[in-house]
Amino acid sequence: MSSPRDQLLQTLAEAASQQPERIKVAEAQLKQWEVVPEFYITLLDIINDKSVDVNLRFFGVIFFKNGVDKYWRKTAKNTINPEEKAKIRSQLLSFMDESHNQLATQSAVLVSKIARIDFPNEWPDLLQNLLSIIHSTMNVNQAILIQKRAILTLHLVVKALCSKTFGPDRRMFEQVAPELLRNVASIYVEHTNRFFNMISTSTDVVNATDLETSLIALKSIRRLIVHGFQDISKVDETKAFFLLAFDHLQKFYTLRNSFQDTSSSVFELLDSKVNLIGKFYVELQKLRPISFIMTPGSRDVIHYYWQLLVMHSKSYETEMATQPYGTEKILIQALLLLKGIVRKSSYNQDIKESENRLSDAMKILEEQILTQSFVESFAELLISSYLILRKEDLVMWEEDPEGWVNFDETDHWEYQIRPCAEKVFTDLITQCRDLLSPKILKLLENAASLTQSDNLLVKDAIYCAVGLGSHELYDVLDFDSWLVNNLLVEAANNDPSFKIIRRRIAWIIGRWVCVKLSKENRPRVYDVMTYFINPEEDFVVRLTAAINLKSCVDEWDFDSDGFVSYLDRAITLLTRLIGEVEQFESRLKILNCLSLIVERMDSQIAPFSEKITNLLPTLWQVAQSEYLFKPAILVILTKLVQALWEQSINLHEFIIPIIQYSVSPNTEEHVYLLEDGLDLWLAILENTVECTPLLFNLVPAAIGLLEFGSETLKRVLRIIESYILLVPEMIVQSYSIPIMDAFTRLFGDLRPEACRAIIYVIDVTLQACPFELLKESIISTGLLGKLLNTIISVNEENPYVLVSYVSILARIIINDPVFFLHFITIASQQYNIQQENLLKKVLETWLDKFDNIGHPKQRKLSAMAFATLIATTNSIILGRLSQFVGVWCDVLSEVKESGGGDALVYWQEEYVGKNEIDDSDASPETKRKRALLQRDPIHTTNLIQYINLKIGECEVLNGGPEMFRQKYLSRVDNTLLDQLKGLMNV
């Protein structure tokens with residue numbers, strides 16, 4: 001029989017084959033073996049064996065890497081035993097002479113994954129072992145490969161340790177960082193100096209090994225300094241490297257720019273080196289802003305990046321044509337660094353620094369960096385060079401207008417220079433508002449004379465700056481005056497070259513409308529924004545206006561009456577535009593605008609609803625797998641239904657199949673559509689006046705969704721409640737058993753809040769439906785039995801839930817006390833308890849928990865149930881008369897009812913207050929709920945009269961008043977009886 005190693009090797013060969021059947025069998029076998037002791041040490045032996053095919057070894061290291069995630073931690077199920085782990089760790093670093101790059105990289109990743117878990121407790125010598133390998137191979141030409149592998153592994157280990165953010169892990173990393181930095185920095189300096197020496201003797205770079213090795217070392221150094229030191233300005237090594245990195249940045253940048261062959265690997269390495277040093281400074285400033293400012297040389301770094309922005313301000317577009325990624329990335333880093341410097345609020349978040357250090361840093365910042373001349377020059381540079389639309393923007397505008405708008409709206413500012421400049425300018429004007437406001441106003445004044453096509457891009461950039469600074473300029477710029485005297489005039493300029501400004505005007509209005517715009521000028525804004533969407537306008541202008549029209553409607557004090565004159569034009573043009581666009585991003589933005597208009601215009605949208613609904617079936621069909629788009633359609637349908645109220649019944653034929661599709665667990669998109677589908681379903685039910693056959697046929701789907709018992713349960717329960725309010729008898733006759741059966745199964749497995757929600761639906765059912773129709777279902781499904789069992793259970797149920805359970809018993813007793821006692825008889829046989837003992841236990845628990853009932857309405861319900869029960873000759877019930885009297889006294893003393901038995905306090909926490917709304921202003925379901933509440937015995941029964949009536953019935957059944965007094969009332973405390981008589985005015 002072959003050895004385990006040979007069997008594993010054969011299985012790996014099968015798993016790496018191209019035949020699905022063989023792969024499936026092999027993967028199943030590997031899955032079975034992966035929990036067997038010695039499996040991973042055997043697999044590692046195969047991975048390190050150079051005589052084995054490299055593809056099998058590569059497959060093996062990937063499998064091992066995944067196994068670490070599943071079985072390496074001590075708490076994992078089927079964890080690898082400690083002895084095997086020790087063997088594995090002892091052999092993990094034996095891949096250093098691996099010639100296959102991808103296999104070596106994955107082996108290094110494997111080491112880092114284990115190091116993240118085991119260092120330092122289980123693998124304390126890992127870092128020293130790696131450093132020993134590196135130092136032993138310095139200046140040994142034959143060992144260059146080993147050194148590169150070791151430095152790469154060290155980098156990945158440092159990266160893994162940095163990702164541990166808990167306090168003890170962070171402190172551990174800070175302890176090892178200084179020693180590691182000294183060692184790795186010496187490696188970096190050694191290889192970097194070699195490279196500089198080489199190019200000083202020859203302009204032809206033949207061997208880039210030193211450059212590549214130093215790049216990997218620099219990656220480790222970046223993380224060590226950024227994450228391993230609390231304050232780099234106080235540590236000699238970090239201060240020295242900060243200055244060294246700046247010196248190297250300048251040298252590498254100069255060398256990079258002088259390199260002719262931009263497609264060579266050496267140029268890529270030089271470019272990576274410059275970007276990595278930039279990343280080091282940007283991250284350091286972001287995480288340690290005060291420490292960065294206080295470090296010697298930081299102002300030189302800031303000045304250098306500022307000079308790069310100035311130097312390339314007019315030429316970077318040309319440079320990007322030849323170096324499409326290099327120059328832009330460097331300039332973005334310059335902007336990001338200056339953005340962090342400018343953003344003063346970030347310094348206050350550096351909680352590790354003292355107040356004095358913060359004060360010193362802010363003094364340096366304000367007196368030496370953010371001077372008035374620098375701030376003004378920076379703002380002018382951004383506006384004149386980096387906020388301007390570039391040639392490639394204008395080309396894309398013409399070739400793909402829709403794609404350009406969507407790209408411009410995307411939040412990608414950290415990767416594109418113009419969006420990044422916009423973010424930087426926003427921070428700059430926020431922090432230096434007083435300095436920049438006069439400058440911006442002066443530029444805006446000069447922009448009025450810029451009408452020639454050559455100057456329109458500059459004008460656009462100035463307008464962009466005004467839009468970005470809306471929140472800072474609102475009290476210095478008279479926007480209404482500028483709008484009327486300039487923007488609206490320019491908006492009427494239909495010259496093709498002026499489309500750049502028309503598009504910017506639409507964008508500016510979107511930025512300013514919620515900041516500062518008088519009520520008188522809002523109709524003018526609605527007019528120009530809807531005018532911009534007309535088909536004769538440039539497509540970019542149309543789409544930009546449609547997107548920003550949403551902001552005009554989304555004002556907190558939006559006046560629908562002021563917009564109604566433009567509603568027809570807006571709906572017509574938006575529905576036409578959504579049919580013309582091709583990208584789902586565009587459709588989604590336009591649909592969101594339409595959705596908000598529907599919501600804000602409410603019932604005024606009714607005359608235009610057909611235009612909206614006519615376009616939705618086509619959009620639904622073409623959406624296919626666009627999972628964000630279909631929910632948007634459901635949202636606008638929901639808002640449309642809510643706006644149309646009773647008229648929404650005309651949409652049932654279109655909407656109900658969509659609801660059925662959205663909530664069906666059998667559809668692939670179910671997970672994306674369910675919540676919005678349920679909201680639409682509920683809106684349909686709340687706003688309909690009749691239950692159409694299509695709507696009624698959805699009931700089984702709602703019952704099926706109860707089984708999920710998930711986050712959607714609350715919505716599903718509301719849907720079932722709505723059906724019960726709408727057609728109570730139809731629901732009970734057709735579906736009472738499956739509904740009550742589902743409720744029974746859910747009880748006990750849910751949180752108290754969910755149980756209370758189910759109880760509420762049962763309570764509504766008991767109020768809305770004839771009790772005769774419910775008797776069978778609440779017994780046959782075991783619902784009543786489960787409630788009763790929970791009440792009498794020895795286990796202490798949450799009082800919050802128990803109180804709601806007894807309210808259901810109270811409803812049943814008030815409806816039919818004979819049925820309740822009959823059920824007690826049945827239940828006593830089922831639980832093998834005497835009827836008297838079971839009834840006694842129920843009453844004991846109920847009376848014991850009565851003080852937990854907080855709402856006056858529920859307390860009255862129990863008082864009425866006890867009064868109903870005493871109309872009997874049952875000695876167990878009448879034996880509790882003294883406690884019943886105590887309950888009646890408590891309830892009667894708390895609330896003073898009207899003659900009809902109602903009280904304002906009973907309406908608290910209901911959906912609608914007693915006199916809160918006028919029925920003409922209520923949705924159909926609100927009216928149904930109000931009618932149900934007004935029929936509720938709690939609101940229609942005078943408790944004093946009811947208790948009197950039931951006491952009278954009890955006296956008749958028990959031999960008359962005298963006999964009743966002698967047999968039962970005599971046992972009640974006289975003080976309690978006197979209190980009751982006083983409360984009942986008897």
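A: In helix H38, Leu713, Leu717, Ile720, Glu721, Ile724 and Leu725 meet Ala754, Ala757, Ile758, Tyr760, Val761, Val764, Thr765 and Ala768 of helix H40; contact means heavy atoms within 4.5 Å. The residues of this contact divide into 12 nonpolar, 1 polar and 1 charged, where Ala, Val, Leu, Ile, Met, Phe, Trp, Tyr, Cys and Pro count as nonpolar, Asp, Glu, Lys and Arg as charged, and the others, Gly among them, as polar. This is a predicted model, in which local features need pLDDT of at least 70 and side-chain atom pairs count only at pLDDT 80 or more, while totals for chains, interfaces and linings use all residues. Residues are numbered from 1 along each chain as its sequence is written, and side-chain values use heavy atoms, with hydrogens and water left out.

Two packed helices are described by the angle between their axes and the distance between the axes. Here the axes of H38 (residues 713-726) and H40 (residues 752-768) come within 10 Å and cross at roughly 5°. H38 is therefore roughly parallel to H40. Axes are lines fitted to C-alpha atoms, for helices over the stretch in contact, with angles from 0 to 180 degrees between N-to-C directions. Angles under 35 degrees count as roughly parallel, over 145 as roughly antiparallel, 65 to 115 as roughly perpendicular and the rest as oblique. Helices (H or I, at least four residues) and strands (E, at least two) are DSSP runs numbered from the N terminus.

Turning to charged pairs, the count comes to 61 salt bridges, each being a side-chain nitrogen of Lys or Arg within 4 Å of a carboxyl oxygen of Asp or Glu. In helix H9 (residues 167-201), glutamate 190 and arginine 194 lie 4 residues apart, about one turn of the helix, and their closest N and O atoms are 3.4 Å apart in a salt bridge. Glutamate 190 counts as partly exposed because its relative accessibility is 28%; the cut-offs are under 20% relative accessible area for buried, over 50% for exposed and in between for partly exposed (1.4 Å probe, protein chains only). Arginine 194 is partly exposed at 25%.

Aspartate 527 and arginine 569 also meet in a salt bridge, at 3.1 Å from N to O. Aspartate 527 lies in helix H28 (residues 522-532) and arginine 569 in helix H30 (residues 560-580), so the pair ties together parts that are 42 residues apart in sequence.

Tyrosine 281 touches residues including Phe242, Phe246 and Leu249, not counting residues up to four places away in sequence.

Histidine 248 sits in helix H11 (residues 236-258) and counts as buried because its relative accessibility is 3%. Leaving aside neighbours within four places in sequence, histidine 248 is in contact with Tyr188, Thr192, Phe196 and Ile277.

Helix H3 (residues 39-48) is mostly covered, with 8 of its 10 residues buried. The buried residues of H3 pack against helices H1 (4-15), H2 (20-33), H4 (54-71), H5 (82-91) and H6 (101-118).
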